[in-house]
Amino acid sequence: MEWLVNHKIPAGKWISAIVDLLNEHAEWFFDLIADGLGATIEGVIVALLWTPPLVVVALLAWWLHRDCLLLIGSALGLLLIINLGYSEATMQTLALVVFATSLCMAIGIPIGIAAAHRPWVFTIIRPILDLMQTIPTFVYLIPTLILFGLGVVPGLISTVIFALPAPIRLTYLGISSVPLALTEAGQAFCVTPRQLLWKVELPHAVPTIMAGLTQCIMRSLSMVVIATLVGADGLGKPVVRALNAVNIEKGFEAGLAIVIVAIVLDRFCKQRRRADADE
């Protein structure tokens, strides 16, 4: 087997050469993206910090679900986060999660629809999605850090790469699972493909797409600590500091804040999905 080892395929060198080439000839492009995304996220953080969080949570809970228990539970969870001293870090994490989730859904839903309507598209992207879901996050964190520099942008790009397969797969599943009888009924009324998509397929696929939204949010939250390692602010920063100092108290408190944010966002999405399914 020595001949096989001695004739190693330089896959790593090829990727490194491509990254170096991009960094050398398209540095202005990546700097432009980094500056634009960084300014946008900073604007979202400022907006979240400017608005009273309790009022926003209460309005969202009541407007989305008309659920007093959800309202009270969300308010108590937020009060606990404020009491622990992580209100600003929570808003920074929420900004990253909201922005990353919005990008994932904006990209993932159209791709999922195209894959459901054209099987060859799904055949092509399926191994790519498998790779995105299974490859260790630190592997693609290195090239994003080189291309976009230290800050929140490489963390955002890595979060999008990690969370994007969820909305693509579940949108594909939702559109593909539309009963043939519904599709034939729509075609019998001579609707256009666009009308069939908007009035038949998407309404039927909404619960599955909402499940993709929930998974996307959870996967984005799981990247909080990873994003902190490349310069992003948020709840991951106290977790990393507690890990370096072996500080159980700070680590538990920051982890508890992350759990509360995850539960609140999950309840918002799941109850919305169930309500839509009941209708």
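Visitor: At what relative accessibility does R267 count as partly exposed?
Guide: In this predicted model, the side chains of R267 and D266 meet in a salt bridge. A residue counts as partly exposed when its relative accessible area lies between the 20% limit for buried and the 50% limit for exposed. R267 falls in that range, because its relative accessibility is 38%.

Visitor: Is D266 buried or exposed?
Guide: D266 is joined to R267 by a salt bridge of 2.9 Å, N to O. The class of buried residues takes in those under 20% relative accessible area. D266 has a relative accessibility of 10%, and therefore counts as buried.

Visitor: How many salt bridges does the count come to?
Guide: Side chains of opposite charge can pair when their charged atoms come close. The rule asks for a side-chain nitrogen of Lys or Arg within 4 Å of a carboxyl oxygen of Asp or Glu. Among the pairs are D266 with R267 and K237 with D233. By this rule the count is three.

Visitor: How many residues apart in sequence are the parts that the pair D130 and R169 ties together?
Guide: D130 and R169 form a salt bridge, with their closest N and O atoms 2.3 Å apart. Because D130 is placed in helix α7 (residues 119–134) and R169 in helix α10, the pair links parts whose separation in sequence is 39 residues.

Visitor: What is the N to O distance in the salt bridge of K237 and D233?
Guide: K237 counts as partly exposed at 27% relative accessibility, and D233 counts as partly exposed at 36%. Their side chains meet in a salt bridge, and the N to O distance is 2.5 Å.

Visitor: Which residues of helix α14 are buried?
Guide: Helix α14 spans residues 236–245. To be listed as buried, a residue must have under 20% relative accessible area. The buried residues of this helix are G236, P238, V240 and A242.

Visitor: How far apart in space are A166 and G108, C-alpha to C-alpha?
Guide: In sequence, A166 and G108 are 58 residues apart. In space, from C-alpha to C-alpha, their separation is 8.0 Å.

Visitor: How far apart in space are P119 and H25, C-alpha to C-alpha?
Guide: P119 lies in helix α7 and is exposed, with a relative accessible area of 59%. P119 and H25 are 94 residues apart in sequence. Their C-alpha to C-alpha distance is 36 Å.

Visitor: Which residues make the nonpolar surface patch of about 350 Å²?
Guide: One of its members, I72, lies in helix α5 (residues 68–84). Patch residues need over 30% relative accessible area, and I72 is partly exposed at 46%. An α-helix has 3.6 residues a turn, so residues three or four places apart point the same way. The patch is made by I72, L76, L79 and I82.

Visitor: Of contacts between residues at least 6 apart in sequence, what percentage join residues at least 24 apart?
Guide: The protein chain has 15 helices and zero strands. Buried residues make up 40% of its 279 residues. Of the contacts between residues at least 6 apart in sequence, the share that joins residues at least 24 apart is 78%.

Terms used: Residues are numbered from 1 along each chain as its sequence is written. This is a predicted model: local features need pLDDT of at least 70, side-chain atom pairs count only at pLDDT 80 or more; totals for chains, interfaces and linings use all residues. Side-chain values use heavy atoms; hydrogens and water are left out. Patches are made of residues with over 30% relative accessible area and no salt bridge: like charges are joined within 9 Å, nonpolar side chains (Val, Leu, Ile, Met, Phe, Trp, Tyr) within 5 Å. Accessible areas come from the Shrake-Rupley method with a 1.4 Å probe; for residues, only the protein chains shown count as cover. Helices (H or I, at least four residues) and strands (E, at least two) are DSSP runs, numbered from the N terminus. Buried means under 20% relative accessible area, exposed over 50%, partly exposed in between (1.4 Å probe, protein chains only). Contact means heavy atoms within 4.5 Å.
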